[in-house]
Amino acid sequence: MGKHHLTATVNGDEVEFLCETEETLLDVLRDTLHLTGSKEGCASGDCGACSVMLDGRLVCACLVLGCEVGGRRIETIEGMARGEMLHPLQQKFLDHAALQCGICTPGFLVAAKALLETHADPTETEVRYWLAGNLCRCTGYDKIVTAVMDAAAEMRKG
Amino acid sequence: MARVVLVGNLAQLAGAVAEVDLPATSVKHLFELLSERHPALTRHLEEGVAVAIDGQIYQDALLEPIGPDSEVFVLPQIAGG
Amino acid sequence: MTMADTMTAPHGSSRTYVGTRTIRPDGVDKVTGRARFGADFNLAGQLVGRVLRSPHAHARILSIDVSRAAALPGVKAIVTRDDFPDQSSEFVPAGEMMMNYRDVVRNVMAREKALYEGHAVAAVAATSAAIARRALKLIEVRYEVLPHVIDVVEAMRPDAPLLHDDLYTAGVEPRPEKPSNVAKRIEIAQGDIEAGFHKAEVIIEREFRTAPVHQGYIEPHAALASVSEDGSAELWCSTQGHFIVRAHCARLLGMDIARIRVTASEIGGGFGGKTVVYLEPLAIALSKKANRPVKMVMSREEVFKSSGPTSGATVRVKLGATRDGRFTAAFAELKYQAGAFQGSPVQPGVMCAFAPYDIEHVKVIGYDVVSNRPKVAAYRAPGAPISEYAVESVVDELAKTLDIDPIDLRMQNAAREGTKAAYGPKFGPIGFEETLNAIKKTEHWNAPLRKWQGRGVASGFWFNIGGETCVSLTVNEDGTVSLVAGTPDIGGLRASLAMVAADELGVPYEKVRPIIGDTGSVGFNFLTGGSRSAFSGAMAVVEAAKQIKSDLCARAAKLWDVKLDEVEFERGHVKPLGAAADKVEPMSVADFAKVAGKTGGPIGGNGRINAQGAGPGFGTHLVDLEVDPETGRVTILRYTVAQDAGRAIHPSYVEGQMQGGAVQGIGWALNEEYVYGTDGKLQNAGFLDYRMPVASDVPMIDAIVVEVPNPRHPYGVRGVGEVPIVPPLGAVANAMEQATGIRFTELPMSPPRVLQALKERGLHKV
């Protein structure tokens, strides 16, 4: 039983890797591609710390197998900033102190970005329910929601 | 003489004596005097107690001075999480 | 008057940054995924370490045979109890704490018995995770399964299964003849409790029950150890206290402290649960045997089963008052689970129970009880949320009985400056009343409520601590400042310390770069906990800055050929005074930096202190909630926190502590609990069924920062991290009572329990 050989696009770059059958996309990202920005909090899809985009869809990387992503497009937290330019969400998280320990932050940013790409003007309730798949234990969510809504407002200004 | 109050189980270990006057001049000196009178206290004094001198709490402060009219409480050490 | 004008600050401070909302210096790395947490480190050639854990809640370990595992290709090292020397049963200093290492070594690796499901029995290091997993399956452990006990009251019964046959209850006279699961009985008392209750015209007595809950940090424990052939070890780990980790590992493995260099990674939450060691000694031991680095990361299931959830408890409270609302007597009896080894937070639980109140006659008894569940670790204000939940519930019931407003009743009996605390000393200046007033003044307090909605208020107290702290400040050649602290930054510390350093030295905030140094780079620091890191760190920064300022004044005096009392440091400059002022220009810190070498050498200061003077913290929380009588679900509608921070160095991070603690408390009150089967195994060891609050469960948390400066701190700071988890349990329970008419005395008030209670009273809607 050998490893599988796959190519995929990660944050715009073509990558080539080997993975075991049982390895998840999260394992591949962190251990093979050395992209440790996506975090493992539970490995069962309950905490959202491993949130990534797969062909434009928000998924938990721990619930996707490495073997499933051949030829597909993956976007992680590492691809969110453009060079030195932070995405408005990243900047607003800093401005509003929407992170304390920061372990959940990559997952929240990826998930929030997915929200704002399809809902440019979400209500507070919509933000909270969209992000209900991302656990945070430090902030109580208040400043995270504030930051997301402020980023949405800024992005609507164009 | 400083008025020294032992809080909680420390009083028990001192033979149910909760309050005593002692001529202690520092926390270190206080512990020595207490250990002399009540050997059962020694281990606990070493294990970790907090000392409140005239309302100010000190932890691990052997060299802190105690005045002649001070009110001193010896209580269990406080940690946190 | 601006905040800066009224702000407490050392003489000469620039008063520019403290109290403002700067961007944290470590923030960019955290929003881009660059920051390295415990599991983000890797070394070439590293092995994967995994732990074999007991499937039984209580069992004698008859034998452990690792031979088949050792023969598996790819397995490079295995450790068991045989690899950890036994430790004597005595309390020895570990950093600042006193630890009973006989218990610590047994928790890290089981010896005679497995004492809880998940107790570590062996560990392997292999070239891949798959091989490590297979190796664990090949380890043969023979267990003699024993009856187990988990519930605290059950564990106290004389016929309960015994965990330790050498545990005799301390604190009772005469010493018991037989061992038991009751490790300790403690008591505090003042006045005459009988006389106090005699004077009471109304007495409320209730018994409460809480379940074990977990700190719930999102980042599992992780450690990477690399041991050289000469026995020196490097360790990267996610921890609240890398100096404590160093001390524990040195002791458990018989190593010199200086031979272990621990780097604290960024930490993804701790809340007290990462103040002890689990994987670290195992990783070092495995690396030493394998001669290769070993990386170990807990799974989420292991975190729930094998780290340190807090106590489940039973608490009885009896409170007496006169008809006009004056408390005359207060009694409580606390029984706390310690887990497999003694050491629950029943002591602080006892001391905090009635601490917010001025009561003449008080007696609180506490029992520390072992049982077959993981050893308790600290959880944010350890012990206090449990006892104060019970007390705040009874205070609320008393207010209803006496028909007195619940805030007024607390105000009437509030501890103030000069009040003798139930646990001993008199309070200095404190802000309890201010938090009550702040809540009373909110629009929230008077907003209308509908049927099935309720409003609850509760207060809370925590001591806060100081402790050993070292911070070094170095002025670099270009005038920038490097700051090295030694307390892991859990949520904004680096920003706060940089702000204090910037104000003390009068340099721009952006020119101060703070890092958390490893154990080889900075002097001993007690761990991050006890709400101490900003409090103590700021004090150490002030001390380090003082040394620099004094040094610069001395250099200036020599350069300008004036006397030392003719120069003064103010707002970032050494200024000439008096006659000298006409002859020379002030010099900035950056000016001195340029000539540092020529005027004596590099410029720096070291604050090395055992910070004393931590000011006690008080908070009052107000919550509105709505109960769905059909499902038992509770929705938090509105939440306000008022807390005395002394002085908020960075208001956003102070608010963040208040909001985060409040939501942890909401989870504790409404949903979180450890569910054990009759087999002693944990049934909900994952985030799906261990239900912590998500964003859709809570509203915005309004945070009112009250400031009654702590006179013992140069900036007036009080610790803020722990107080906010204390009031929510009582506040939510009190709101439930108003919403349903039912006094819930068991937590969590989860939908099944709420439904059951509603059904019993014919209130359930179908």
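Analyst: Helices and strands here are DSSP runs, numbered from the N terminus: a helix is H or I over at least four residues, and a strand is E over at least two. Residues are numbered from 1 along each chain as its sequence is written, and chains are lettered from A and ligands numbered from 1 in the order in which they are written. The model is predicted, so local features need pLDDT of at least 70 and side-chain atom pairs count only at pLDDT 80 or more, while totals for chains, interfaces and linings use all residues.

User: How many helices and strands are there in chain A, and in what order do the elements run?

Analyst: Chain A has five helices and five strands. Read from the N terminus, its elements run β-β-α-β-β-β-α-α-α-α.

User: Why does chain A count as compact as a globular protein of its length?

Analyst: Compare its radius of gyration (taken over C-alpha atoms) with the globule rule, which is 2.2 Å times the number of residues to the power 0.38. For 158 residues the rule gives 15 Å, and chain A is close to that, so it is as compact as a globular protein of that length: its radius of gyration is 16 Å.

User: What share of the residues of chain A count as buried?

Analyst: A residue is buried if 20 or more other C-beta atoms, placed from the backbone, lie within 10 Å of its own; it is exposed at 12 or fewer and partly exposed in between. Of the 158 residues of chain A, the buried share is 57%.

User: Which element gives the most to the side of domain 1 of chain A that touches domain 2 of chain A?

Analyst: By an automatic or database domain assignment, chain A splits into domain 1 (4-79) and domain 2 (88-156). Contact means that two residues have C-beta atoms, placed from the backbone, within 7 Å. By that test, 13 residues of domain 1 of chain A touch 11 residues of domain 2 of chain A. With three residues, the most on the domain 1 side comes from strand β3 (residues 51-54) of chain A.

User: Which chains share the most contacts?

Analyst: Chain A and chain B have no contact, and their closest C-alpha atoms lie 14 Å apart. Two pairs of chains are in contact, and the most contacts are shared by chains A and C.

User: Which element supplies the largest share of the side of chain C that touches chain A?

Analyst: This contact takes 41 residues from chain C and 41 residues from chain A. On the chain C side, α2 (27-32) and α19 (651-670) each give two or more residues. The largest share, eight residues, comes from α19(C).

User: How do the residues of the side of chain C that touches chain B divide by class?

Analyst: Here 35 residues of chain C meet 22 residues of chain B. The largest share of the chain C side, three residues, is from β9(C). Ala, Val, Leu, Ile, Met, Phe, Trp, Tyr, Cys and Pro count as nonpolar, Asp, Glu, Lys and Arg as charged, and the others, Gly among them, as polar. The chain C side divides into 15 nonpolar, 12 polar and eight charged.

User: Which strands stand at the edges of the open sheet of four strands in chain C?

Analyst: Two strands pair if DSSP finds at least two bridges between them. The sheet has the order β18-β26-β27-β28 (chain C), with mixed pairing. Two of its strands have a single partner each, so one side of each is left without a neighbour in the sheet: these are β18 (453-462) and β28 (701-706) of chain C.

User: What is the bridge partner of C:L625 in β27(C)?

Analyst: Strand β26 (residues 617-627) of chain C and strand β27 (residues 634-644) of chain C run antiparallel, joined by nine bridges. In β27(C), the partner of C:L625 is C:I636.

User: Is C:G118 buried or exposed?

Analyst: C:G118 sits in the loop between β6 (113-114) and β7 (120-126) of chain C. Beyond its neighbours within four places in sequence, its contacts include C:R53, C:E302 and C:P374. Because 25 other C-beta atoms lie within 10 Å, C:G118 is buried.

User: What separates the C-alpha atoms of C:G272 and C:G308?

Analyst: C:G272 is in the loop between β13 (260-264) and α9 (280-290) of chain C. It counts as buried, with 28 C-beta neighbours inside 10 Å. Leaving aside neighbours within four places in sequence, its contacts include B:G81 and C:G529. C:G308 is 36 residues away along the chain, and the C-alpha separation is 9.0 Å.
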